[in-house]
Amino acid sequence: MADLDFAYDLTLDEARRRTAMLEAIGDDWDPVAVLAEENAAYDMLYSDLDEEQQRIYDELVSAGVLPERGGDRVTD
(Lines give C-alpha, C1' and ligand atoms only; values in the text may rest on other atoms or scores of the structure.)
Protein backbone atom coordinates (compact mmCIF):
# COMPACT_ATOMS: atom_id res chain seq x y z
CA MET A 1 0.00 0.00 0.00
CA ALA A 2 1.37 3.40 -0.97
CA ASP A 3 1.90 6.16 1.55
CA LEU A 4 -0.80 8.77 1.22
CA ASP A 5 0.15 12.26 2.24
CA PHE A 6 -2.48 14.91 2.50
CA ALA A 7 -2.92 18.18 4.29
CA TYR A 8 -6.03 19.91 5.54
CA ASP A 9 -5.90 23.62 6.25
CA LEU A 10 -7.91 24.40 9.39
CA THR A 11 -7.63 28.18 9.00
CA LEU A 12 -11.14 28.64 7.60
CA ASP A 13 -12.67 26.32 10.20
CA GLU A 14 -10.88 28.15 12.98
CA ALA A 15 -12.14 31.50 11.69
CA ARG A 16 -15.70 30.14 11.62
CA ARG A 17 -15.33 28.77 15.16
CA ARG A 18 -14.03 32.07 16.50
CA THR A 19 -16.78 34.02 14.77
CA ALA A 20 -19.46 31.72 16.19
CA MET A 21 -17.94 31.99 19.66
CA LEU A 22 -17.86 35.79 19.58
CA GLU A 23 -21.45 35.91 18.34
CA ALA A 24 -22.53 33.60 21.17
CA ILE A 25 -20.75 35.72 23.79
CA GLY A 26 -22.51 38.87 22.63
CA ASP A 27 -21.57 42.53 22.68
CA ASP A 28 -22.05 43.04 26.43
CA TRP A 29 -19.30 40.58 27.50
CA ASP A 30 -16.73 42.31 29.67
CA PRO A 31 -13.58 40.17 30.03
CA VAL A 32 -12.12 42.44 32.73
CA ALA A 33 -15.25 42.07 34.87
CA VAL A 34 -15.32 38.31 34.29
CA LEU A 35 -11.70 38.00 35.41
CA ALA A 36 -12.39 40.12 38.50
CA GLU A 37 -15.36 37.90 39.39
CA GLU A 38 -13.23 34.79 38.88
CA ASN A 39 -10.50 36.17 41.15
CA ALA A 40 -13.10 37.04 43.79
CA ALA A 41 -14.44 33.47 43.62
CA TYR A 42 -10.93 32.06 44.12
CA ASP A 43 -10.37 34.44 47.05
CA MET A 44 -13.57 33.18 48.66
CA LEU A 45 -12.66 29.56 47.95
CA TYR A 46 -9.25 29.80 49.61
CA SER A 47 -10.22 32.08 52.51
CA ASP A 48 -10.75 30.95 56.10
CA LEU A 49 -8.80 27.71 55.69
CA ASP A 50 -7.96 25.84 58.87
CA GLU A 51 -4.34 24.85 59.55
CA GLU A 52 -4.55 21.47 57.80
CA GLN A 53 -6.32 22.92 54.76
CA GLN A 54 -3.75 25.73 54.55
CA ARG A 55 -0.89 23.21 54.75
CA ILE A 56 -2.38 21.17 51.91
CA TYR A 57 -3.02 24.33 49.89
CA ASP A 58 0.59 25.45 50.40
CA GLU A 59 1.85 22.02 49.31
CA LEU A 60 -0.27 22.15 46.17
CA VAL A 61 1.01 25.63 45.33
CA SER A 62 4.65 24.64 45.90
CA ALA A 63 4.13 21.54 43.72
CA GLY A 64 2.74 23.71 40.93
CA VAL A 65 -0.70 22.09 41.01
CA LEU A 66 -2.38 25.36 42.01
CA PRO A 67 -1.19 28.83 40.99
CA GLU A 68 0.12 31.11 43.68
CA ARG A 69 -2.49 33.69 44.57
CA GLY A 70 -1.57 37.33 44.18
CA GLY A 71 -1.75 40.23 41.80
CA ASP A 72 1.63 39.61 40.25
CA ARG A 73 0.76 36.48 38.25
CA VAL A 74 -0.29 36.29 34.64
CA THR A 75 -2.04 33.48 32.84
CA ASP A 76 -0.12 31.20 30.50
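User: Why is E14 called partly exposed?
Analyst: This is a predicted model. In it, E14 has a relative accessible area of 30%. Buried means under 20% and exposed means over 50%. The value for E14 falls in between, so E14 is partly exposed.

User: What makes E14 and R18 a salt bridge?
Analyst: Their closest N and O atoms are 2.9 Å apart. The cut-off is within 4 Å, so the pair counts. E14 and R18 sit four residues apart in helix 1, so about one helical turn separates them.

User: Why is R16 called exposed?
Analyst: R16 has 51% relative accessibility. Exposed means over 50%, so R16 counts as exposed. R16 also forms a salt bridge with D13, at 3.4 Å from N to O. Both lie in helix 1 (residues 11–25), three residues apart. D13 is partly exposed, at 31% relative accessibility.

User: How do you know that E52 and R55 form a salt bridge?
Analyst: Their closest N and O atoms are 2.5 Å apart. E52 is partly exposed at 43% relative accessibility, and R55 is partly exposed at 39%.

User: Which residues do salt bridges with shared partners join into one network?
Analyst: E14, R17 and R18. The salt bridge count comes to six.

User: Where does D58 lie, and what makes it partly exposed?
Analyst: D58 is in helix 3 (residues 51–62). Its relative accessibility is 41%. That is between 20% and 50%, so D58 counts as partly exposed.

Technical notes:
Residues numbered from 1 in each chain as written. Predicted model: local features only at pLDDT ≥ 70, side-chain atom pairs only at ≥ 80, totals over all residues. Heavy atoms only, no water. Helix = DSSP H or I, 4+ residues; strand = E, 2+ residues; numbered from the N terminus. Buried < 20%, exposed > 50% of the residue type's maximum accessible area, 1.4 Å probe, protein only. Salt bridge = Lys/Arg side-chain N within 4 Å of Asp/Glu carboxyl O.
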